[in-house]
Amino acid sequence: MSQIKLPVFHMPFPSAGCHPGLAETRRAAWQWAESEGLILSAPSRKRMIRTRPELWISLIFPKASQRHLDLFCQWLFWAFLVDDEFDDGPAGRDPGMCGSAIARLVDVFDGAPPHGPMERALAGLRDRTCGDRSPHWRRQFRRDTAAWLWTYYAEAVERAAGQVPSRADFARHRRDSVAMQPFLDLHEITAGIDLPESARSLPAYIALRNAVTDHSGLCNDICSFEKEAALGYEHNAVRLIQRDRRSTLQEAVDEAGIQLARIAERVQRAERELTEEIDAAGITGSTRAALERCVRDYRGLVRGDFDYHARAERYTRPDLVERDGHASLSGIFAS
């Protein structure tokens with residue numbers, strides 16, 4: 001594994017920098033986790049420290065208020081706990097256990113009484129996030145969050161059945177499983193906008209969101225394939241390219257790098273087409289300004305996500321996974 005060279009990426013979007021409140025957000029995230037009873041085992045704690053959720057949030061939202069930065073980082077902290085449990089832990093190998101846990105989380109998101117620290121933490125995050133948002137925004141956020149959660153069940157079923165998805169099927173699956181869509185929804189909060197349904201339905205806006213999400217998913221797969229290969233995890237674009245083309249791992253990584261550059265071009269194309277559609281639809285005023293804000297900020301979001309994967313030890317030091325062993329989080333799903 002150590003002999004594999006990552007491709008040289010061309011990133012067309014300039015960096016918007018990192019939020020100066022990163023350290024404060026990190027402290028707030030760990031204090032929040034403790035207050036919610038999310039007591040991590042020693043290996044889990046090490047993994048979260050290497051994951052650095054505060055870095056990702058600070059890179060993609062460099063101008064957010066401190067309050068929003070803290071809230072979004074706590075969402076990400078919670079999401080990484082979910083990710084590690086269902087990707088690496090026993091729940092991800094047992095479809096029944098996985099399906100029950102996901103159904104409970106979605107029910108709690110919809111207002112069911114929470115049981116156990118993970119559910120209680122989710123309920124608190126939901127209340128702090130959705131209280132003053134419009135009904136159509138809440139529907140979008142709920143849809144995107146639930147779609148992400150149910151991807152873990154789909155993967156658990158495929159693993160149990162001994163199935164490996166096609167590259168085309170996986171690309172559609174990855175658009176939800178990378179969990180970027182909910183954070184594009186959260187972007188509207190820090191940007192002070194609330195897109196109407198007509199704006200959300202513009203084909204180029206949908207294409208732009210999808211391209212931003214696809215870029216994040218493939219970037220993550222390229223940077224995490226070593227860690228996931230060590231765990232026998234097959235839901236990774238690099239691994240699927242290797243299988244499909246019967247290539248070497250290096251050739252698969254190189255091909256993924258080419259595809260990543262093409263996705264960045266899709267982002268730029270969607271930006272141009274969105275401008276044309278705004279004019280064609282006669283969109284003016286605050287809705288036009290909100291869409292233009294998305295175009296500007298999404299560029300920085302793509303770049304921040306890209307820079308994060310080059311800096312977080314979760315991806316730069318995958319060899320530490322084997323040293324730490326599996327960091328099971330099953331206990332924090334218990335009541």
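Leaving out the residues within four places of R126 in the sequence, this arginine is in contact with W75, V108, F109, G111 and G131. Keep in mind that you are looking at a predicted model.

- To find R126 in the structure, look in helix 6, which covers residues 117–130.
- Is R126 buried or exposed? R126 counts as buried because its relative accessibility is 15%, and the cut-off for buried is under 20%.
- One of the contacts of R126 is W75, and W75 turns up again among the residues with the most contacts inside the largest nonpolar core.

**The largest nonpolar core**

- How many residues does the largest nonpolar core have? The answer is 99 residues.
- Inside this core, the residues with the most contacts are I57, W75, F77, W78 and V212.
- Helix 4, made of residues 66–88, is the top contributor to this core, with 13 residues.
- Here is some background: in soluble globular proteins, nonpolar side chains tend to be buried together.
- For a closer look, pick I57: apart from its neighbours within four places in sequence, I57 is in contact with L69, F72, C73, L76 and F183.

**The largest pocket**

- The largest pocket has a volume of about 370 Å³.
- Its lining is made up of 18 residues, and R167, A171, L218, Q259 and I263 are the closest to the centre of the pocket.
- Which helices each supply at least two residues of this lining? They are helix 8 (167–177), helix 11 (203–230), helix 12 (237–245) and helix 13 (249–280).
- Helix 8 provides the largest share of the lining, seven residues.
- Sorted by class, this lining has eight charged, seven nonpolar and three polar residues.

**The second largest pocket**

- The second largest pocket holds about 290 Å³ of space.
- Around the second largest pocket there are 16 lining residues, and those nearest its centre are A16, I60, P62, K63 and D297.
- Helix 9 (180–191) and helix 14 (285–311) each bring at least two residues to the lining of this pocket.
- Which helix gives the most to the lining of the second largest pocket? That is helix 14, with six residues.
- By class, the lining of the second largest pocket has eight nonpolar, five charged and three polar residues.

Key
Residues are numbered from 1 along each chain as its sequence is written. This is a predicted model: local features need pLDDT of at least 70, side-chain atom pairs count only at pLDDT 80 or more; totals for chains, interfaces and linings use all residues. Side-chain values use heavy atoms; hydrogens and water are left out. On a 1 Å grid over the protein atoms alone, a cavity is a set of points where a 1.4 Å probe fits but cannot get out, and a pocket is an open set with protein on both sides within 12 Å along at least five of seven lines; lining residues have an atom within 4 Å of a point. Grid points are joined across faces, edges and corners, and a volume is the space filled by probe spheres set on the points. Helices (H or I, at least four residues) and strands (E, at least two) are DSSP runs, numbered from the N terminus. Ala, Val, Leu, Ile, Met, Phe, Trp, Tyr, Cys and Pro count as nonpolar, Asp, Glu, Lys and Arg as charged, and the others, Gly among them, as polar. Buried means under 20% relative accessible area, exposed over 50%, partly exposed in between (1.4 Å probe, protein chains only). Contact means heavy atoms within 4.5 Å. A nonpolar core is a set of buried Ala, Val, Leu, Ile, Met, Phe, Trp, Tyr and Cys residues joined through side-chain atoms within 4.5 Å.
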